[in-house]
Amino acid sequence: MTHENLLDGPAPTLLPADGPDGAARAALAGGADPRDAVSAAPASSLVWALLAERVADPVTSYAFARTGYHRGLDALRGAGWRGRGPVPVAHEPNQGFLRALLALATAADAIGEPAEGERCRQLLRDCGTSADEVAALR
């Protein structure tokens, strides 16, 4: 049995490639629009993040991003994440959650909820990445 080294902190959480975002990526690669990919992978953070990034209305963006954020939290918890520790942006299956989190920060700012926006940006930093790194994925 192995145990986490408490001095090093938690190990990075890596979502599985064959999870909901994998199904979404396959649908998108096949030419599906993100709105259509939702029915192929409703638990995917990625499709909700894409919808949030592409819609002009900040209230709708907030709703899409919030959905993607919660779907991502479910997936991370299922992968062993306990609310802290790295969620590497370089690991492609993690990118949907991180994009939804950034979209939520952006939409929160746009609807006049800057404290929520900052909380989301702090969570990005706590995951070991930055808003700039995640924005570069768009």
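Which residues touch the most other members of the largest nonpolar core? They are Tyr69, Val87, Phe97, Leu98, Leu101 and Leu123, in a core of 33 residues. A nonpolar core here is a set of buried Ala, Val, Leu, Ile, Met, Phe, Trp, Tyr and Cys residues joined through side-chain atoms within 4.5 Å. Buried means under 20% relative accessible area, exposed means over 50%, and partly exposed lies in between (1.4 Å probe, protein chains only).

This is a predicted model: local features need pLDDT of at least 70, side-chain atom pairs count only at pLDDT 80 or more, and totals for chains, interfaces and linings use all residues. Residues are numbered from 1 along each chain as its sequence is written, and side-chain values use heavy atoms, with hydrogens and water left out.

Helix 5 supplies the largest share, nine residues. Helices (H or I, at least four residues) are DSSP runs, numbered from the N terminus. Val87 is in contact (heavy atoms within 4.5 Å) with Thr13, Leu76, Trp81, Asn94, Phe97, Leu98 and Cys127, leaving aside its neighbours within four places in sequence.

**Helix pairs**

Two packed helices are described by the angle between their axes and the distance between the axes. Axes are lines fitted to C-alpha atoms, for helices over the stretch in contact, and angles run from 0 to 180 degrees between N-to-C directions.

| Pair | Angle | Axes apart |
|---|---|---|
| Helix 3 and helix 5 | about 30° | 8 Å |
| Helix 4 and helix 5 | about 145° | 8 Å |
| Helix 4 and helix 6 | about 35° | 14 Å |

Helix 4 passes helix 5 in a left-handed crossing. A crossing is left-handed if the near helix is turned anticlockwise from the far one by less than a right angle. The residues of this contact divide into 14 nonpolar, three polar and one charged. Ala, Val, Leu, Ile, Met, Phe, Trp, Tyr, Cys and Pro count as nonpolar, Asp, Glu, Lys and Arg as charged, and the others, Gly among them, as polar. On the helix 4 side, the residues include Tyr62, Tyr69 and Leu76; on the helix 5 side, they include Phe97, Leu101 and Leu104.

Helix 4 also passes helix 6 in a left-handed crossing. Here Tyr62, Arg66 and Tyr69 meet Glu116, Arg119 and Leu123.

Arg99 belongs to helix 5. Arg99 is buried, with a relative accessible area of 11%. Beyond its neighbours within four places in sequence, its contacts are Leu46, Ala49, Leu50, Glu53, Val134, Leu137 and Arg138.

**Helix 1 and its surroundings**

In helix 1 (residues 20–29), Asp21, Ala24 and Ala27 are buried. Seen down the axis of helix 1, they fall within an arc of 120°, so they line one face of the helix. The arc is that of the directions from the helix axis to the C-beta atoms. Ala26 and Ala29 are exposed, on the face turned away from the buried side. The cover over the buried residues includes helix 2, helix 3 and helix 5. Gly31 follows helix 1, with a positive phi near 100°.

Ala40 sits in helix 2. Ala40 is partly exposed, with a relative accessible area of 48%. The C-alpha atoms of Ala40 and Ala24 are separated by 6.7 Å, though the two are 16 residues apart along the chain.

Definitions and conventions
Helices (H or I, at least four residues) and strands (E, at least two) are DSSP runs, numbered from the N terminus.
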